[in-house]
Amino acid sequence: MLLHLRRALLAMLVLTVILGLAYPLAETGLAQWWFPAQASGSIGRDGSSLVGQHWQGREWFHGRPDPDDPGATGGSQLGPTSKVLEQEVRAALRAEHALGVEHPPANLVTSSGSGVDPDISPAAALAQVDQVARARHLSRARLRRLVRAVEQGPELGFLGEPVINVLALNQALQKLADRSR
Amino acid sequence: MGFGITVLVLALVLALLWRPLGAYMARIYGGEMRWLAWLERPVYRAIGVDPSSEQSWKRYAGATVVFSAVSVVFVYLIERLQGVLPLNPQHLPAVPPLLALNTAISFMTNTNWQNYAGEATMSYLTQMAALAVQQFLSAAVGIQVALVLVRGFSRRESPTVGNFWVDLVRGSIYLLLPISAVMTLVFVSQGAVQTLAGPAHVHDALNGVSQTIPLGPVASMSVIKQLGTNGGGFFNANSADPFENPTGLTNLLEIVLLLCIPFSLTYTFGRMVGSLRQGLALLATMVVLFGAVLGMSLAAEVGPNPAVRAAGVTSQSGGNEVGKETRFGPAASDLFDIASTSTSTGSVDAANDSFTPIGGAGLLVGMMLGEVSPGGVGSGLYTMLLFAVVAVFVGGLMVGRTPEYLGKKIQAREVKLASLGVLMMPVTVLTLAALAVALPAGRSAVLNLGPHGFSEILYAFVSQANNNGSAFAGLSANTAFYNLTGALAMTLGRLGIMLPVLALGGALAAKPKVAETAGTMRTDRPVFVGLLLGTVVLVGGLTFLPALALGPIAESLVGPGRLFG
């Protein structure tokens, strides 16, 4: 028993040094050396491309109705027969209608699993083209081309879904608007 | 289309890994691996173990219990002291005592049930040196306990079953560490975070939004949490968080990581008992169960969410998108979460609580069957072997012969130990869930009302007693009641099964091998796969069908537009 205890304590110490310090620290060193941008959060001038942001007004493409708080991630956890979920989706629908988006795809009026989903479906971006075109006095065809240009995935043609990164789309939109001014 | 290819590629990769990974594990635990001896030998010297020495099952079990207790104390102390320890850039205070205890037990037992949000509770040091270390060690302990049982079948008249310390070091250093070391960098290349710098402060001039973005040594933990079927995420959102699981490729790799060891252990088993067909029989049973549960859940999850339809969204062509990430979509998210609940992983790339009634029932059923499809690292194999012992016993009763399995006579002691191991989980779940439903402290924690509220409570105990760790996370479980009952469920679900397994391994190892005769029931044939499937489904079904009827089944039967709240 005492022998077990002594060995258990020593094993915990030694294995913690190997698995809990040497391993993550060596990985951090290599990751920062080989993939510095990704390892530090894929952060550019306007924030991280992997963290959703709240976009307001008709001049921008909007993301999903997430809290977008990277300090408190996670989904709403509302169940499939929850009245609260129904009311939240109704409110999101009303907000989209008020912006002039008549038939938003489901992912535009439902919240995600992470609470910081940086993406929307291509259909959700295309549904907002009319609204942005009116507000920005840009042609719909140009905006549709813009959406197609920032579309990513699925990786290798089959992994996951095609997505529009909302930050990338709005950055491209701003560039387009600056050029046409 | 894309999803179909994903499933095919997953099956192909796992099939290709089955033999080499299984053989590699057999060689590791047979002491044939030397390439990391420079790291392995100093560890034996430090803990004072002769790598050629062996233990009886009782000493092995004693070491398991003592090491588990020391693990809990270690994690608890680091959590409580993190405020004064280094690598705490967010200056997070000590974790409160009951939460720290629940979390320490949770990670020691390979459960990784999390009553906290990682990014706002745990320092980098706690995540790295306390929680992630347990993700290695609890996985290693699970695998080696399965190996003891396999040695029970493969050895004859042996007083010993292996050496706990040697198995622990070999599993950690030769199996878990090298795979994690490589995969971490693959994950980082895709966008997973790996840094010691504190949170990033960003400002977007376009929309005027400012954010403080928590970072940390994430990728190194994300990989071992999958490979060791642990499931405890760095962030609260777990594998839904883009920093843990950034792309469709990492999503597939995470599924591969969590399934590869449990499936390949059936090869290890077949090789060690001298018949690959015996391993294939267990593998076939696991695959059939996995396919059935996945099919049931998937069919519901690619359909509409009732509450979203009631709100007036006319088209949900993609399926139930509530709580799902856009880049994965409902089908791949369902595949991930079913794989996670059919092993003892419990990581999620979507919000399980927001699954459709039958989609969520699939998650529950994967765990309720005892996590044998394919189950956690080690725990899947040893639980399946317990069912196999029960199955040959039932088969023996039917034909009136003393049952045998793999040349070992299955007698009263073996059947009692196997039954104890099989019944520990259901008894724990039903008792504690009934207690929670009976007490205000249990009922008041639910978020969703109606049948779904009951499902949240049931799920919590099914998950913890199976050492899974996923949740219908609407349940506010960071309370004294749930921290303590959860800790009890997790401990019983771990040691309450491991100890009978080790005793069974010891009893079998001591027995001679009996020669196969014309009357021996073959256990490497489809008939036995059917018998084993029947045993697993009957035990799980008889125990849990009434509870499922009150939760997800009732929820799926309420009329269209009937909502609760």
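Which residues are exposed on the other side of α8(A)? Lys175(A), Asp178(A) and Arg179(A) are. The views below come from a predicted model.

**View 1. Helix α8 of chain A has a buried face and exposed residues on the other side.** Helix α8(A) covers residues 166-180. Buried here are Val166(A), Leu167(A), Leu169(A), Asn170(A) and Leu173(A). Seen down the helix axis, these buried residues fall within an arc of 160°, so they line one face of α8(A). Exposed on the other side are Lys175(A), Asp178(A) and Arg179(A).

**View 2. The length of α8(A) agrees with its residue count.** The helix has 15 residues. At 1.5 Å a residue they should span 21 Å, and the end C-alpha atoms are 21 Å apart, which agrees.

**View 3. The buried residues of α8(A) pack against several elements of chain A.** Strands β2 (47-48), β3 (119-120) and β5 (163-165) are among them. So are helices α5 (122-126), α6 (129-136) and α7 (140-150).

**View 4. Helix α1 of chain A packs with helix α2 of chain B.** The angle is about 145°, and the axes are 9 Å apart. The crossing is right-handed. From α1(A) come Arg7(A), Leu10(A), Ala11(A) and Val14(A). They meet Val43(B), Ala46(B) and Ile47(B) of α2(B). By class, this contact has 6 nonpolar, no polar and 1 charged residues.

**View 5. Chain A touches chain B.** The contact takes 84 residues from chain A and 106 residues from chain B. On the side of chain A, α1(A) gives the most, with 22 residues. Elements giving two or more residues to that side also include α3 (83-99), α4 (106-109) and α8 of chain A. The side of chain A divides into 40 nonpolar, 34 polar and 10 charged residues.

Conventions: Residues numbered from 1 in each chain as written. Chains lettered and ligands numbered in written order. Predicted model: local features only at pLDDT ≥ 70, side-chain atom pairs only at ≥ 80, totals over all residues. Axes fitted to C-alpha atoms, helices over the stretch in contact; angles between N-to-C directions. Helix = DSSP H or I, 4+ residues; strand = E, 2+ residues; numbered from the N terminus. Left-handed = near helix turned anticlockwise from the far one by under 90°. Contact = placed C-beta atoms within 7 Å. Nonpolar A, V, L, I, M, F, W, Y, C, P; charged D, E, K, R; others polar. Expected span 1.5 Å × (residues − 1). Buried ≥ 20, exposed ≤ 12 C-beta atoms within 10 Å, placed from the backbone. Arc of directions from axis to C-beta.
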